[in-house]
Amino acid sequence: MKSAIYPGSFDPVTYGHLDIIKRASKMFDEVTVCILDNKAKNALFSLSDRVKMLKLVTADIPHVRVDTYAGLLIDYAKMIDAHVSIRGLRAVTDFEYELQIAQTNRLLSRGALDTVFLLTSLQFAYLSSTSVKEIASFGGDISPCVPPEIEKMLKKKYKDAYSKRTGGTGKKSGGK
Ligand code: ADP
């Protein structure tokens with residue numbers, strides 16, 4: 001069985017991630033979307049919220065499962081007997097960082113874990129969890145970026161920004 005892992009923070013999952021998950025699910029017998037619990041990253045959503053979100057949006061995609069791991073990807077891969085890590089590439093700026101991770105994983109796993117890169121679909125090339133959170137924090141429209149369930153959870157997180165936008169006077173503060 002060809003099994004692959006799609007690791008990341010998914011804070012939160014976007015249409016860009018979903019596109020990669022759907023395409024990977026057609027290439028492998030099983031794709032495990034693994035939320036790596038990296039405390040240094042200071043996530044907006046808790047691990048359990050991120051699991052909930054990913055399970056919701058991947059429910060209809062065949063042979064995809066969601067898991068979490070607090071440790072090295074190579075150890076997780078060994079544990080579930082997967083030999084491929086999937087990563088998405090948006091632009092050349094992603095490449096250097098991804099190259100370093102991919103080479104390190106190959107070295108540490110003694111060749112057991114390889115990385116397969118999927119190029120982002122063009123319409124999602126500029127999408128990142130960070131920009132989605134930034135837009136949401138100002139009460140902006142994030143419906144082109146994330147599925148409706150995720151939009152709802154982001155709006156709940158940034159309730160004040162949204163109520164200010166819809167209930168405010170529209171006047172700029174500090175003006176005459
Ligand atoms: P990390 O914190 O590990 O970068 P992310 O959750 O931000 O985790 O991203 C996980 C993976 O998804 C990475 O390989 C990243 O390049 C990829 N990715 C993120 N956004 C997009 C997108 N819009 N299109 C394609 N791939 C993406």
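Before pairing up residues, I noted the rule for strands: two of them pair if DSSP finds at least two bridges between them. Helices (H or I, at least four residues) and strands (E, at least two) are DSSP runs, numbered from the N terminus.

**Ground rules**

I am working from a predicted model, where local features need pLDDT of at least 70, side-chain atom pairs count only at pLDDT 80 or more, and totals for chains, interfaces and linings use all residues. Residues are numbered from 1 along each chain as its sequence is written, and side-chain values use heavy atoms, with hydrogens and water left out.

**Entry 1: the whole chain**

I looked up the inventory and got seven helices and five strands for the protein chain. Along the sequence the pattern reads β-α-β-α-β-α-β-α-β-α-α-α. Taken along the principal axes, the box filled by the C-alpha atoms is roughly 65 × 35 × 30 Å.

I then checked burial (buried is under 20% relative accessible area, exposed over 50%, partly exposed in between, with a 1.4 Å probe and protein chains only). Of the 176 residues in the protein chain, 43% are buried. For contacts (heavy atoms within 4.5 Å), I took those with a separation of 6 or more: residues 24 or more positions apart account for 75% of them.

**Entry 2: the sheet**

In what order do the five strands of the open sheet lie? I read it as β3-β2-β1-β4-β5, with parallel pairing. The edges are β3 (64–69) and β5, each of which pairs on one side only. From one strand to the next, the twist averages 30 degrees.

For angles I kept this in mind: axes are lines fitted to C-alpha atoms, for helices over the stretch in contact, and angles run from 0 to 180 degrees between N-to-C directions. Helix α1 (residues 15–25) lies across β1, β2 (30–36), β3, β4 and β5, and runs at about 120 degrees to β5. Helix α3 (residues 73–80) also packs on the sheet; I found it touching β1, β2, β3 and β4, with its direction at about 130 degrees to that of β3.

**Entry 3: strand β4**

Five of its six residues are buried, so the strand is largely enclosed by the rest of the structure. On one partner, β1 (residues 3–8), I found two bridges and a parallel run; here Ala 4 stands opposite Val 84. With β5 (residues 114–119) there are six bridges, again parallel. In that pairing Arg 87 stands opposite Phe 117, and Gly 88 faces Leu 118.

How does the chain get from β4 to β5, and what is the hand of the crossover? It goes through helix α4 (residues 92–108), and this β-α-β crossover is right-handed. My check for the hand: with the strands pointing away from the viewer, the path from the first strand over the helix to the second runs clockwise.

I picked out Ser 85, which sits in strand β4. Its relative accessible area is 1%, so Ser 85 counts as buried. Leaving aside neighbours within four places in sequence, Ser 85 is in contact with Ile 5, Pro 7, Leu 73, Leu 113, Asp 114, Thr 115 and Val 116.

**Entry 4: α2 against α6**

The axes of helix α2 (residues 47–58) and helix α6 (residues 148–157) come within 9 Å and cross at roughly 155 degrees. That makes α2 roughly antiparallel to α6 (under 35 degrees counts as roughly parallel, over 145 as roughly antiparallel, 65 to 115 as roughly perpendicular and the rest as oblique).

I listed who makes the contact: Asp 49, Lys 52, Met 53, Leu 56 and Val 57 from α2, and Glu 149, Ile 150 and Met 153 from α6. They divide into five nonpolar, no polar and three charged. The classes I used: Ala, Val, Leu, Ile, Met, Phe, Trp, Tyr, Cys and Pro are nonpolar, Asp, Glu, Lys and Arg charged, and the others, Gly among them, polar.

In the loop between β1 and α1 I found Phe 10 and Pro 12. A cis peptide bond joins Asp 11 and Pro 12, with omega about 0 degrees. Phe 10 has a positive phi of about 50 degrees although it is not a glycine.

Arg 110, in the loop between α4 and β5, also has a positive phi, near 55 degrees, and is a residue other than glycine. Buried or exposed, I asked of Phe 10 and Arg 110? Phe 10 is buried at 3% relative accessibility, whereas Arg 110 is exposed at 78%.
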